[in-house]
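Keep the view open as you read.

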Amino acid sequence: MRNIPIIGKFLVILSAFALFVAGVTAYATSRISFIDSSYSSLLDEDSTATLMLARASRSLVSTRSAIADILIARTPEAKDAAFKDMKLSEGFFTKQMDTALAAAPGNERIKSIKTSALAALSNDCGPVITEAVAAADEAAINRTQADFAAACKPAFTTVIADITDEIGKITALAETRQA
């Protein structure tokens with residue numbers, strides 16, 4: 001090192017420092033990029049889950065509306081059309097809840113809501129729907145409407161409130177992550 005001029009020694013030290021800084025910069029950039037992609041993925045999952053839950057809630061409202069159409073229909077054709085609409089909305093609900101579950105696989109509450117909604121539809125509303133489809137006279141139609149108000153409507157209200165609550169929880173969690 002004695003025969004190397006001072007400027008050469010200075011450039012060697014500066015070059016070593018530059019290589020160290022370049023290595024640290026590359027490492028930091030790769031870690032930040034990894035964290036950004038992981039965080040973005042997490043937010044996308046929350047976003048997809050809440051969107052699908054909102055759509056599922058709307059499908060559940062459509063299902064309830066179709067059941068109401070069955071209850072007020074007077075002709076077999078109108079009842080059949082309303083029943084098909086109810087089944088279509090029920091299918092949309094199931095598909096949207098499955099998509100929400102896939103977007104947020106660790107969220108057991110979504111699975112619980114889906115299960116309770118389908119149970120309400122088959123257990124609480126199933127007998128009412130069966131009676132309403134078969135109802136031919138005014139007394140039977142009025143009875144099924146009263147049964148709907150007593151058993152089916154409260155079940156839907158509870159499930160829709162649960163979905164809305166879960167959307168709020170997921171949104172609040174995402175907001176706290178962003179803060």
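In α3, the buried residues are Ile110, Ile113, Lys114, Ala117, Ala120 and Leu121. Buried means under 20% relative accessible area, exposed means over 50%, and partly exposed lies in between (1.4 Å probe, protein chains only). Helices are DSSP runs of H or I with at least four residues, numbered from the N terminus. Look down the axis of α3: its buried residues fall within an arc of 130 degrees, so they line one face of the helix. That arc is taken from the directions that run from the helix axis to the C-beta atoms. On the other side of α3, Glu108 and Asn123 are exposed. The helix has 17 residues and reaches 23 Å from its first C-alpha to its last. That is close to the 24 Å expected at 1.5 Å a residue. The expected span is 1.5 Å times one less than the number of residues.

A word on the basis of all this. This is a predicted model, in which local features need pLDDT of at least 70, side-chain atom pairs count only at pLDDT 80 or more, and totals for chains, interfaces and linings use all residues. Residues are numbered from 1 along each chain as its sequence is written, and side-chain values use heavy atoms, with hydrogens and water left out. pLDDT is the predictor's confidence in each residue, from 0 to 100. The protein chain has a mean pLDDT of 88, and 93% of its residues reach 70 or more. Among its elements, α2 has the highest mean (94) and α1 the lowest (85). Where pLDDT is low, the predicted coordinates should not be read in detail.

Now step back to the start of α3. Which residue reaches a side-chain oxygen to within 3.0 Å of the backbone nitrogen of Arg109? It is Asn107. Asn107 sits in the loop between α2 (76-103) and α3 (108-124). Asn107 counts as buried because its relative accessibility is 16%. Its side chain also makes a polar contact of 2.8 Å with the side chain of Glu166. A polar contact is a pair of N or O atoms within 3.5 Å; within protein, one must be able to donate a hydrogen and the other to accept it, and residues adjacent in sequence count only if both atoms are side-chain atoms. Leaving aside neighbours within four places in sequence, Asn107 is in contact (heavy atoms within 4.5 Å) with Leu101, Glu166 and Ile170.

Next comes α2. It has 28 residues and reaches 40 Å from its first C-alpha to its last, close to the expected 40 Å. Its buried residues include Met86, Phe93, Met97 and Ala100.

Where do the helices come together? The largest nonpolar core has 32 residues. Such a core is a set of buried Ala, Val, Leu, Ile, Met, Phe, Trp, Tyr and Cys residues joined through side-chain atoms within 4.5 Å. Leu53, Leu60, Ile67 and Ile163 have the most contacts inside it. At least two residues come from each of α1 (6-72), α2, α3, α4 (126-134) and α5 (138-178). α1 gives the most, with nine residues. Beyond four places in sequence, Leu53 is in contact with Met97, Ala100, Ile110, Ile163, Glu166, Ile167 and Ile170.

Finish on α1. Ser57 is found in this helix. Ser57 counts as buried, at 12% relative accessibility. Not counting residues up to four places away, Ser57 touches Ile160 and Ile163. Ile13 also lies in α1, but Ile13 is exposed, with a relative accessible area of 61%. Ile13 and Ala119 are 73 Å apart, C-alpha to C-alpha, and 106 residues apart in sequence.
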